[in-house]
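This briefing concerns a predicted model of several chains.

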Amino acid sequence: MGGHPVIRLIAQRIALGILLLFAASLLIFLGTEILPGDVASSILGQAATPQALENLRNELGLNEPAYIRYFQWLGGVLTGDLGTALSNRMDIATSLWPRLKNTLFLATCAAIVAVPLAIILGLVAARYKNGLVDRTISGLALSATSLPEFFIGYVLMYFFAVYLGWLPSVSTVHEGMAFGDRLRAIALPATALTLVVLAHMMRMTRAAILNVMQSAYIETAELKGLSGSEIIRRHALPNAIAPIVNVVVLNLAYLVVGVVVIEVIFVYPGMGQYLVDHVARRDVPVVQAVGLIFAAVYIGLNLIADVISILANPRLRHRR
Amino acid sequence: MAFLRRVPFGAAIGLVITVTMVLAAILAPWVAPYPGSQVLGGVWEPASSQYLLGTDNLGRDLLSRLIYGGRTTIFIASMATALAFILGSVLGFTAAVFGGWVDQVMSRLVDLLMSIPTLIFALVILSVLPSTIPILILVMGILDSTRVYRLSRAVAVDINVMDFVEAAKLRGEGRGWIIFREILPNALSPLVAELGLRFIFAVLFLSALSFLGLGVQPPHADWGGMVRENREGIVFGIAAALIPAGAIAALAISVNLVADWVLRRTTDLKGGRGDA
Amino acid sequence: MSKELEFLSRLAAAGRLDRRAFLGRAAALGIGATFANSLLASAVRAQGPQKGGDLRMGLTGGESTNSLDPATWLTQVPQNFGSTWGELLVLQSPEDGSPQPMLAESWEASDDAAEWRFKIRKGVTFHNGKELTAEDAAQTIRRHSDENTESAALGVLRGIDDISVDGDHVVFKLSSPNADLPLLLTDYHLVIQPNGGYDDPAAGIGTGPYKVEVNEPGVRHVSTKYDGYWNDDIGHVGSVEVIVMNDATARTSALQSGQVHIINRVEPRTVALLERVPGVVIESVPSKGHYVFIMHCNTAPFDNADLRMALKLAIDREQMVNQILMGHASVGNDFPISPSYALYPEGIEQRVYDPDQARHYFERSGHDGPILLRTSEVAFPGAVDAAQLYQQQAAAAGIQIQVQREPGDGYWTEVWNAQPFCASYWGGRPTQDSMYSTAYISGADWNDTRFFDEGFDKLILEARGELDEARRAELYREAALKVRDDGGLVLPMFNDFLDARREEVQGWVQDPNHETSNLRAATRVWLDQG
């Protein structure tokens, strides 16, 4: 049967993923419907008159039934039109695209540093388990993770921007910025994010490796006279991939979806802030669009994790 | 005492700090020098003999508030973590063992839950349910259990195809046996490692919820909430912002030290290779 | 003033003596830092503004939902940016609150103050090259006062019956006399646009000193000097960049590290710490804005006058000012008018914290059990803390307040003006009349204390058409007393506007009408490039 079942499995996952996306969009829509308040009063805020509210509500078509608005929007998305933001009448796709690029850029930079670093640190910690190196690595990573994000952000900002003056505290990036400037601008938020996600991945790597190290075949490898590092590299790591990949994916998704706080602190024009602003304004089409993109990121990454887990497990690969 | 002597140094420190914090939280009314919510002095006063750790953003004694805050923080976070683990791991193992459409349905449902940004989730829940502590624990536990589910399922799928599980299946053991007697012991290591971290995330999540309006109601506070209330002081090195953060970090490290130790003890019990 | 000091200040202004050295020399002459600073400021102003430079402002209150349509402006970023490219007919004076000509050159009222004629300035051009006409002005006001409008200025303009153009004059006919019409036109939404903005409200075309260059809502906005600008007195810097910074620490850090020149909304708790940072100057101005706790006068238990009085007596206003705003506020007296308003009612006795009296009134009200107070981070800065402080203060009078923190999201729709007792905030209004008409007369758009008092309504109506100042002041005094004693308003404090700037930013005008120098800091200041 060879690779066929694997391919079928993967195809199945992708189909399911698309189905899930629809389900997610519906759930997000229902969620935004339950939310108290409506877009009209949120746009006008405390300074709205009842008359102005009614006028705006009519104009925005909020007096139409919810399901009609939902299907209108869904139809638009399928034809590549994300619609117009209710709150400022701007085309959603146009304003969303640069922000999505920014978010992905920041997430990628943070991931390029954080993932290898976390896995290497985890392997080192596992190699010298319970020793001083292990303790130090674990302790530092844990304290970084246990601090609220804004705390880490502020401390970095204070040291590198205010006290030392090496890096800008404001990470505003815009079109036409040179790549080097861009990297400099996001140095601080990327560092903060790295610190936030590091410990989780590192701890899981260490634990998964140690778990595998108890297996009989590791003992065999040891008896063969392989060194500790070699055993980890050649025998333990490939077999510990599944849990590591799962945690890595969770954190990658977090880098895309959960970075609102860091974006606000460093004034970075990403998706998180965009979503929060529009949730606060009850701007349903935008919340839907962003929610859908986030859902797609999550589902896509999980898909990848599942596929890697399948491919990495020899027994699953050659199911008896 | 004999028991304590067998505990390795790191774990002992972890244990002492954790136990001290838990005890202080339980005995708060007797240990705290002042009531937790009484306004006593000026804002952000430095440490003095009167206020051992200084005062907070409203002129309340920081030490007393920290002690009372420990109550809510430790209680809610540990309950939520426990719930997340029981729910997440049992469902995850079940999915792995049953496989097929059971696995598919459960996994996709969890994917669905996870794919929706937590912010929208929290806002919706917050607008529908009253903000009481049991509900808080429930919400945090359920949201977190999706993360535990994914991990435990991934681990269990690997174990499920191991020879000893196959052997058990051939012996005709029931699924309950396989989940609890074959998979659970062998999945403990990554799960316990996750447990320690999930606990910290629960502490942080709680503070985020407090900020959104769900979460602990004033004048009570949790540690994360205290850091948040005093956050403008962080860059100016104000103790009221730094000390609660330090407390969370200390708790996080201690709990994880203890978790590591428990992990090692269980692997010992299992007859695995010890530390030697 | 000593000759030596005058000489020194001129020296410093010319940049031949640095500020620190100047302050040191002044101190040696026995002059306090505050006075020396103001001396320096006036000497610098006398030196005359410098032209050019790129001004960067880091402001809170910007969202990706912002639009350039003035009708939708609500928060600080669009307001401040809007005043760089758009202009009003009338501007309120920073000194005495009187109306000053802007795009309207002059105006006159009929004897009964029911018809007003505004003469529109000639030789002013929009950024698209079109000349400003009276028709543009009339259309703008029409767009904002039209019953189909979404403009937040609609409430202000409701008394206007008819708008017509007569040559270079715009003529307003009012449904009832209003002596304050010029001041109503100072509302920041009423930016004059070509054809009133009917064609493209969010085009960002105005008559201001700067024209819109970059508009990235929620991120940054840039405008550059418009060459055809008519007024030489303002618009000194070469370009203005407004960067959205909704996080207080991000703003202070950016100011400290020199990435921005001006920030708004300095956290009161950090003012003392920030003041010590070299190169940073705090600008603190008493404002008309106030932080309040509001009760619905028609909802149990707050329909009981004794209970309302008990709650008013159970708040320690001094402590509120000191612990919540660190002294950067002035004590309130339970009516919504601060001394910055024209015709401020002098001599009304200050209500003070009196737990015993409060207990007495509370017992007389017959109410039993806790009172639920809703609050939120967004109600006003420090509102959650203030509610807890109130809780402590009231406890001393035997009144149990139960504080409930509500989600910031949805607070203005679900809690404020809906729940019977909550924390809230009011910004200032140009006149006493507009404050009372907005929130206290029976038919007000937001009668958020549910205050229904016919006698009070009559007072306000009479005062509106009264051209005799003394009589008017008398009427406003009576109105204030009514709100203070019978109303549902607990007003602990009027907050100060707390902005901060770098030292090189000069020509800052202290203006109580709105924050960041009446939203016009960008057009008023210049950058010392020395």
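In this predicted model, helix α13 (residues 271-280) and helix α14 (residues 284-312) of chain A pack at an angle of about 145°, and their axes lie 9 Å apart. The crossing of α13(A) and α14(A) is left-handed. From α13(A), the residues A:Met271, A:Tyr274, A:Leu275, A:His278 and A:Val279 meet A:Val286, A:Val287 and A:Val290 of α14(A). By class, this contact of α13(A) with α14(A) holds seven nonpolar residues, one polar residue and no charged residue.

**Contact of chain A with chain C**

- Chain A places 44 residues in contact with 39 residues of chain C.
- On the side of chain A that touches chain C, two or more residues come from each of α2 (39-44), α3 (50-59), α7 (149-163), α12 (260-265) and α13 of chain A.
- The element that gives the most to this side of chain A is α13(A), with six residues.
- The side of chain A that touches chain C comprises 24 nonpolar, 16 polar and four charged residues.

**Overall composition of chain A**

- Chain A contains 15 helices and zero strands.
- Of the 320 residues in chain A, 51% are buried.
- Among the contacts in chain A with a separation of 6 or more, 73% are between residues 24 or more positions apart.

**Contact of chain B with chain A**

- The contact between these two chains involves 45 residues from chain B and 55 residues from chain A.
- At least two residues of the side of chain B that touches chain A are supplied by each of α5 (100-115), α6 (118-128), α7, α9, α10 (223-229) and α11 (239-269) of chain B.
- Helix α9(B) provides the largest share of the side of chain B that touches chain A, namely eight residues.
- In terms of class, the side of chain B that touches chain A consists of 26 nonpolar, nine polar and 10 charged residues.

**Architecture of chain B**

- Chain B has 11 helices and zero strands.
- Buried residues account for 56% of the 276 residues in chain B.
- Of the contacts in chain B between residues at least 6 apart in sequence, 68% join residues at least 24 apart.
- Within chain B, the axes of helix α4 (residues 62-98) and helix α7 (residues 133-160) come within 5 Å and cross at roughly 35°.
- This crossing of α4(B) and α7(B) is right-handed, and the residues of the contact comprise 21 nonpolar, seven polar and two charged.

**Nonpolar cores**

- The largest nonpolar core has 287 residues, of which A:Ile209 and C:Ala310 touch the most other members.
- Helix α9 (residues 175-212) of chain B gives the most to this core, with 20 residues.
- In chain C, domain 2 (54-63 + 208-261 + 504-527) and domain 4 (287-495) each contribute at least three residues to this core.
- Not counting residues up to four places away in sequence, C:Ala310 touches C:Ala358, C:Tyr361, C:Phe362, C:Ser365 and C:Ile399.
- Another core, of 37 residues, lies apart from the largest one, and its members include C:Leu88, C:Trp116, C:Leu154 and C:Leu190.

**Helix α8 of chain C**

- Helix α8 (residues 248-256) of chain C is mostly covered, with eight of its nine residues buried.
- The buried residues of α8(C) are C:Thr249, C:Ala250, C:Arg251, C:Thr252, C:Ser253, C:Ala254, C:Leu255 and C:Gln256.
- Just after α8(C), C:Gly258 has a positive phi of about 75°.

**Backbone geometry**

- A cis peptide bond, with omega near 5°, runs from B:Pro218 to B:Pro219; B:Pro219 belongs to the loop between α9 and α10 of chain B.
- The peptide bond joining C:Ala300 and C:Pro301 is also cis, with omega about 0°; C:Pro301 sits in the loop between β12 (280-295) and α10 (305-313) of chain C.
- C:Asp334, a residue other than glycine, has a positive phi near 65° and lies in the loop between β13 (329-331) and α12 (355-365) of chain C.
- C:Asp334 is classed as buried because 23 other C-beta atoms lie within 10 Å, the threshold being 20 or more.
- C:Thr516 is not a glycine, yet its phi is positive at about 40°; this residue lies in helix α18 (residues 515-518) of chain C.
- With 26 other C-beta atoms within 10 Å, C:Thr516 is likewise buried.

Methods. Residues are numbered from 1 along each chain as its sequence is written. Chains are lettered from A and ligands numbered from 1 in the order in which they are written. This is a predicted model: local features need pLDDT of at least 70, side-chain atom pairs count only at pLDDT 80 or more; totals for chains, interfaces and linings use all residues. Axes are lines fitted to C-alpha atoms, for helices over the stretch in contact, and angles run from 0 to 180 degrees between N-to-C directions. Helices (H or I, at least four residues) and strands (E, at least two) are DSSP runs, numbered from the N terminus. A crossing is left-handed if the near helix is turned anticlockwise from the far one by less than a right angle, and right-handed if clockwise. Ala, Val, Leu, Ile, Met, Phe, Trp, Tyr, Cys and Pro count as nonpolar, Asp, Glu, Lys and Arg as charged, and the others, Gly among them, as polar. A residue is buried if 20 or more other C-beta atoms lie within 10 Å of its own, exposed if 12 or fewer, and partly exposed in between; C-beta atoms are placed from the backbone. Two residues are in contact if their C-beta atoms, placed from the backbone, lie within 7 Å. A nonpolar core is a set of buried Ala, Val, Leu, Ile, Met, Phe, Trp, Tyr and Cys residues joined through C-beta atoms within 7 Å. Domain bounds come from an automatic or database domain assignment.
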